[in-house]
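I opened this model to look up its helices, its chain contact and a few backbone angles. My notes follow in the order in which I made them.

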Amino acid sequence: MEILLLLIPISIVLIGIAGVTFVWAVNNDQFEELDRHGFDILEDDPGEK
Amino acid sequence: MTLSTISVNDMHCASCVSKIERTLRELEGVLETHINPARRQVLVEHADGTDTATLLARIEQAGFHPCLTSNPRQSLRQRDLLKRLGIAGLAMMQVMMAALALYAGAFEDMDPSVRRLFEITSLTFCIPVVAYSAMPFFSNAIAAWRTGLNMDVPIALAIACAFAVSLAHTLNGAGEVYYDSVVMFTFLLLTARYIDDRLKQRFDMSNAALAALPATGLVLEDNRRIPTPLVDIATGSRLWVEQGNQIPLDGRVESAEATLDESVLTGESQWVSRACGESVYAGTLNRGPGFCLRTSATYDSTRIAGIADLANRAQADKPQVAQLADRIAAVFVPAVLCLAALTFVAWQLANPEKAFVAALTVLVVSCPCALSLATPAAITAAMTRLRQTGIVLTRSDALLQIARVNAALFDKTGTLTEHAPDLVDVELLADVGVDRDGLLDIAAALQRHANHPLARAFPEPKRAVVNDARIVPGAGVEGRWQNREVKIGSGAFCGLPTSDAEAGIILALDGTPAARFEIADPLRPDAQPAIEALRRTGVRSTMVSGDAADRCAALATQLHIDYVARQAPETKLEITRTLQNEGARVMVVGDGINDVPALAAADVSVAVLESSDLVKSRTDVLLLSRRLGALVDLVVVGRRAARVIRQNLAWALSYNLVAIPFAALGFMPPWVAALGMASSSTLVMLNATRLLRVPAWRPPADSVQDVAPGS
């Protein structure tokens, strides 16, 4: 069971990293307009026409 | 009288709404308030003497932070909520893992030191949830000291108490911990709030799309294109619309042809083409090559601006059912707090050890969140869904009426038929000293004063000028031309012996019928399958028209619909009343001034896009789509919405009634209470979002000829 003393702090650090990454992603518009980008490939490139 | 729109971003619940309502109504000069918690908006009708600064100050005194314009920080709010939700989610996974170990340990004799390790782990992950994710609940609860009780008070109290007691137990190294309940409760409540926010945002976006016009237009002058702010563009200017750009103002096409994407108005993604002289509307997209148009409206009188106004008004009206739920919630919050206190005292006498847990459980389980979310969420979802197929509700409680509609009255011309009548033949009836072209010109000049849809079949008048023109409702137009009395309209109106075979529009000079104009008016392409689909959903359709009987009969057989021909506006009203007396809920679909009495009497009134402004401002529902199939959508979504509201209310009420006794008697661990209460809020929200996915009604493929895409 002593291994828990090592593993739990590691998991806390990893979750901390995940949390920071998530906040970074939200702040950098990664979660804005989740619906639209899927349709982008269907649109003609305005420059080509 | 003035109308002011005020945004109050920290207005969250029923109690806030009634608080603001009361504060404003006490103010002198305030006539009426419409509060829309979904958009966090307050619409105030007030006397001209009362300035908006006073209103703002008053709301601020009540403990809120009002601002005048609509809220540009909506997406910031959403972001903030998403971060809090994400952190709570990550923490919840960890705390649950530790909690599982603790539960297992309780049965298997876990070593006390390992147990403590897991408790400290849970505490570590619980701290950011309480200190960050749950912060909105705390700040709203603290604000409640100034604004009166709101839904967040019991929530914040539950989170704070559970966390404080768990912390104390961890530090002492003895006693139960409730970190798992705290984290799960916060996470699920945030989820419900996040869905609620997304829903409101989607609705706002569909409304904002209506109001979002480009800031400038390209005015054509001496073959140069001058970018000009829309505010400065006068009616009748010539504008150039580039390929791929939005049309900035309503107008008529002056180039040979234009290919447009009108989906913002009609919800139909298929491109349409508009020939020279046809009307195009601001907000639609030019998908073909650039074209020239002559404007027919200024920036604040465009059709789209009018629709956006109507849509906003609807959102501000709270339906009766929502008010009912609000009243229940306003009573519930203090009741919940009393109940929790009572439970605590009762257990203190019986078994002090269990007093805290039981009181906490009651506090958590009985929070009436689901109850207060039930109706507004469903209505917002249904209205968003209807916007997608080009239907705007101008009164939100119309939705509940729609669910009960079982009869429909249709106006014929312009409603069942296209708004594009065609003049196919001119027949001279008597010699009145004017030739064929001259008569046509007089007719055209007279028809300029008419608002009947068939009047659009006539060309622009060339030379003829008509004075003293006057509309005779249900009959035609009369006026003076070169000092001779001229009339245009039905045969009877123009002195022709009444006989139904004498169909067409008659022009009379000095009481002598002079010419007959034959006008073809094609049916809307999906009229027949739409009427059939309505019939199958249990809505009986009747066509009511002022037109001759034989024309109505021909159409009626084609549509398999009952009809009443040769009706004056008053009789339309009578027919509506008769149907209502027979117990029917009547939907009246019309477009003209002559439909107004019947529309006013109807249970649900529907106007088509081409209706005159007077008609549009008086109806409950506006069809932006040219398809009558939108009516089928309207009825289907209305019924679904009513069902979702009933389900939500039934669920929320029965959940509270069943769960409270269990919690008070101590049969329920706190984590079950947290799971039950928060997931019932989430469930209600998810049930409402089902309305967004009601499929659009499409006519069976063989019944309508598809128009080829205009690309």
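Helices (H or I, at least four residues) and strands (E, at least two) are DSSP runs, numbered from the N terminus. By that count I find 22 helices and 26 strands in chain B, and two helices and zero strands in chain A.

The model is predicted: local features need pLDDT of at least 70 and side-chain atom pairs count only at pLDDT 80 or more, while totals for chains, interfaces and linings use all residues. Residues are numbered from 1 along each chain as its sequence is written, with chains lettered from A and ligands numbered from 1 in the order in which they are written.

**Burial and contacts by chain**

I call a residue buried if 20 or more other C-beta atoms lie within 10 Å of its own, exposed if 12 or fewer, and partly exposed in between, with C-beta atoms placed from the backbone. Chain B has 711 residues, and 49% of them are buried. For the 49 residues of chain A the buried share is 0%.

Two residues are in contact if their C-beta atoms, placed from the backbone, lie within 7 Å. Among the contacts in chain B with a separation of 6 or more, 69% join residues 24 or more positions apart.

**Chain A against chain B**

I looked up how many residues touch across the chains: 13 of chain B are in contact with 14 of chain A. On the chain B side, helix H3 (74–108) and H4 each supply at least two residues. H3(B) gives the largest share, eight residues.

For classes, Ala, Val, Leu, Ile, Met, Phe, Trp, Tyr, Cys and Pro count as nonpolar, Asp, Glu, Lys and Arg as charged, and the others, Gly among them, as polar. The side of chain B that touches chain A has five nonpolar, six polar and two charged residues.

Next I checked helix H1 (residues 3–27) of chain A against helix H4 (residues 112–133) of chain B. Axes are lines fitted to C-alpha atoms, for helices over the stretch in contact, and angles run from 0 to 180 degrees between N-to-C directions. The axes of H1(A) and H4(B) come within 11 Å and cross at roughly 5°. That makes H1(A) roughly parallel to H4(B); angles under 35 degrees count as roughly parallel, over 145 as roughly antiparallel, 65 to 115 as roughly perpendicular and the rest as oblique. From H1(A), Leu4(A), Ile8(A) and Ile12(A) meet Val114(B), Leu117(B), Thr121(B) and Thr124(B) of H4(B).

**H21(B) and H22(B)**

Helix H21 (residues 629–664) and helix H22 (residues 670–689) of chain B pack at about 175°, with axes 10 Å apart. They are therefore roughly antiparallel to each other. The H21(B) residues in this contact include Trp651(B) and Tyr655(B), and those of H22(B) include Leu683(B) and Asn687(B). The contact has 10 nonpolar, five polar and no charged residues.

The expected span of a helix is 1.5 Å times one less than its number of residues. Helix H11 (residues 352–365) of chain B, with 14 residues, reaches 21 Å between its end C-alpha atoms, close to the expected 20 Å. Because 10 of its 14 residues are buried, H11(B) is largely enclosed by the rest of the structure. Ala359(B) is one of the buried residues. Its C-alpha atom is 6.7 Å from that of Ala341(B), 18 residues apart along the chain. Ala341(B) lies in helix H10 (residues 320–350) of chain B and, with 13 C-beta neighbours inside 10 Å, counts as partly exposed.

H12(B) is mostly covered, with 19 of its 20 residues buried. I noted a bend of about 25° at Thr375(B), with a proline, Pro376(B), following within four residues; the bend is the angle between axes fitted to the seven residues ending there and the seven starting there.

**Positive phi**

Most residues other than glycine have a negative phi. Which residue just after H12(B) takes a positive phi? It is Gly390(B), at about 75°. Asp468(B) is not a glycine, yet has a positive phi of about 50°. Asp468(B) sits in strand S17 (residues 467–472) of chain B and is exposed, with 10 C-beta neighbours inside 10 Å. Asn483(B), also not a glycine, has a positive phi of about 65°. I place Asn483(B) in the loop between strand S18 (476–481) and strand S19 (484–489) of chain B, and its 6 C-beta neighbours inside 10 Å make it exposed.
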